[in-house]
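The stops below are given in the order in which they may be selected.

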Amino acid sequence: MRILSADFVKDYAGKIINIHHSFLPAFIGANPYRQAFERGVKIIGATAHFVTDNLDEGPIITQHTNHVDHNFGVKEMVRAGKEIEKKVLLEALELIFEDRVFVSGNKTVVFK
């Protein structure tokens, strides 16, 4: 993970995408999947959003989730989460390259 300077983010406003697990803000910091496992979550997911000066608070482009159950350990949650992260990155890029995402304040309008 990299924290970008405010000047860099300003120069590339609306052009930088971040992908992260959807546990934010509930499971912040190191080992979010372990934290989720220990809390017994039933849904894991990922979010693609534009980067802003406010860490992980930019306009959301797309999100996906999967259900998990008692058979999922931390490793299985991480593996499933990485698959979801790839899915949201691909979808976000496709939407942007096809000019189907428009930023409106701290939200997006997405034409699917």
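The tour goes from the whole chain to individual residues.

**Before selecting anything**

This is a predicted model, in which local features need pLDDT of at least 70 and side-chain atom pairs count only at pLDDT 80 or more, while totals for chains, interfaces and linings use all residues. Residues are numbered from 1 along each chain as its sequence is written, and side-chain values use heavy atoms, with hydrogens and water left out.

**Stop 1: the whole chain**

Display the protein chain as a cartoon. Its secondary structure consists of three helices and five strands, arranged along the sequence as α-β-α-β-β-α-β-β. Helices (H or I, at least four residues) and strands (E, at least two) are DSSP runs, numbered from the N terminus. The C-alpha trace spans about 45 × 30 × 20 Å along its principal axes.

The protein chain exposes about 7,700 Å², of which carbon and sulfur atoms supply 54%; accessible areas come from the Shrake-Rupley method with a 1.4 Å probe, and for residues only the protein chains shown count as cover. Of the 112 residues, 33% are buried. Buried means under 20% relative accessible area, exposed means over 50%, and partly exposed lies in between (1.4 Å probe, protein chains only).

Among contacts with a separation of 6 or more, 60% join residues 24 or more positions apart, a contact being heavy atoms within 4.5 Å.

Colouring by charge shows 14 positive and 14 negative charges, whose mean positions are 5 Å apart. Lys and Arg count as positive and Asp and Glu as negative, without His and the chain ends; each charge is placed at NZ of Lys, CZ of Arg, CG of Asp or CD of Glu.

**Stop 2: a nonpolar patch**

Select Leu4, Phe8 and Tyr12, which form a nonpolar surface patch with about 270 Å² of accessible area together. Patches are made of residues with over 30% relative accessible area and no salt bridge, with like charges joined within 9 Å and nonpolar side chains (Val, Leu, Ile, Met, Phe, Trp, Tyr) within 5 Å. Leucine 4 lies in the segment before helix H1 (6-11) and is partly exposed at 34% relative accessible area.

**Stop 3: phenylalanine 27**

Move to the loop between strand E1 (17-21) and helix H2 (32-39), where phenylalanine 27 is found. Is phenylalanine 27 buried or exposed? With a relative accessible area of 7%, phenylalanine 27 is buried. Beyond its neighbours within four places in sequence, phenylalanine 27 contacts His21, Pro32, Gln35, Ala36, Arg39 and Val41. The C-alpha atoms of phenylalanine 27 and arginine 39 are separated by 9.8 Å.

**Stop 4: two residues of one loop**

Select valine 68 and histidine 70. Valine 68 is in the loop between E3 and H3, and histidine 70 is placed between strand E3 (60-67) and H3. Valine 68 is buried, at 6% relative accessible area, whereas histidine 70 is exposed, at 74%. Apart from residues up to four places away in sequence, valine 68 touches Val41, Lys42, Ile43, Ile44 and Met77. A distance label from histidine 70 to valine 9 reads 41 Å, C-alpha to C-alpha.

**Stop 5**

The whole structure holds four salt bridges, each being a side-chain nitrogen of Lys or Arg within 4 Å of a carboxyl oxygen of Asp or Glu. Select lysine 86 and glutamate 83, whose side chains form one of them (2.9 Å, N to O). The two residues are separated by about one helical turn because they are three residues apart in helix H3 (residues 74-97).

Glutamate 91 and lysine 112 form another salt bridge (2.7 Å, N to O). This pair links distant parts of the chain, with glutamate 91 in helix H3 and lysine 112 in the segment after strand E5 (107-110), 21 residues apart. Glutamate 91 counts as buried at 16% relative accessibility, and lysine 112 as exposed at 70%.

**Stop 6: after helix H3**

Finally, select arginine 100 and glutamate 98, whose side chains meet in a salt bridge (2.6 Å, N to O). Select also aspartate 99, in the loop between H3 and strand E4 (101-104). What is the phi of aspartate 99? Aspartate 99 has a positive phi of about 55 degrees, although it is not a glycine. Most residues other than glycine have a negative phi. Aspartate 99 is exposed, with a relative accessible area of 58%.
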